[in-house]
Amino acid sequence: MPFLADAPIDPESILPKISINLWSFLTQMIAFLILVIAVFFLAYKPVKKFLKKRNEYVKSNIDMSRKNELASEEKLKAADDRVNSSYKEAKEIISAAKIDAEKERALIISKAKDEAKFEKIKASEEIEAEIKKSQDEIHKEMVDIALLASEKILEREVTTADNKKRVDNFIKDIQSN
């Protein structure tokens, strides 16, 4: 039984089998380049631009939240300073009249603590309100983007029921991830 390696090779019969059709190659290469360019301009650039805007928006919200947190810390420090000044005042009253000073001291400390608690609660509520506002804005943007994307994909006007269904599904998907 002869091996394939032992068989003589005919160069004229192999050459047509391995040659490349130049026109076919060029048309496929041009089609591929057109596809790459189309994907770059229609998908990559808009997505990159959107992500950049979104990143800037999130950074600005984080910076704003940090500023609000610093302001609330300053208010808390001021409240603590008021507590300290009230405590000093109570000490002076104790030195002047011991019996009356004990009653006055307890009242001032209680009042200062209530103010500090109130300031803390107020600062926490302000922070929560800012966070809620940021989340609502983010949610609204997500809805707008989802509607825009669905209209582009479907290339037609989408009904309100379609919008609501797609937006709800989109938000559930995002929240589950």
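Student: What should helix α4 span at 1.5 Å a residue, and how far apart are its end C-alpha atoms?
Tutor: This is a predicted model. Helix α4 covers residues 160-176, which makes 17 residues. At 1.5 Å a residue, the helix should span 24 Å. That agrees with the distance between its end C-alpha atoms, 24 Å.

Student: Which residues of α4 are buried, and how wide an arc do they cover around the axis?
Tutor: The buried residues are Asn-163, Val-167 and Ile-171. They sit on the same side of α4, because their arc around the axis is only 55°.

Student: Which exposed residues does the face of α4 turned away from its buried side carry?
Tutor: Look at the face turned away from the buried side of α4. Its exposed residues are Ala-161, Lys-165, Lys-172 and Ser-176.

Student: Is Ser-72 buried or exposed?
Tutor: Ser-72 is found in helix α2. Its relative accessible area is 11%. Buried means under 20%, so Ser-72 is buried.

Student: How does Leu-76 count at 28% relative accessibility, and how far is it from Glu-115 in space?
Tutor: Leu-76 lies in helix α2, residues 22-96. At 28%, Leu-76 counts as partly exposed. Leu-76 and Glu-115 are 39 residues apart in sequence. In space, C-alpha to C-alpha, they are 9.8 Å apart.

Notes: Residues are numbered from 1 along each chain as its sequence is written. This is a predicted model: local features need pLDDT of at least 70, side-chain atom pairs count only at pLDDT 80 or more; totals for chains, interfaces and linings use all residues. Side-chain values use heavy atoms; hydrogens and water are left out. Helices (H or I, at least four residues) and strands (E, at least two) are DSSP runs, numbered from the N terminus. The expected span of a helix is 1.5 Å times one less than its number of residues. Buried means under 20% relative accessible area, exposed over 50%, partly exposed in between (1.4 Å probe, protein chains only). The arc is that of the directions from the helix axis to the C-beta atoms.
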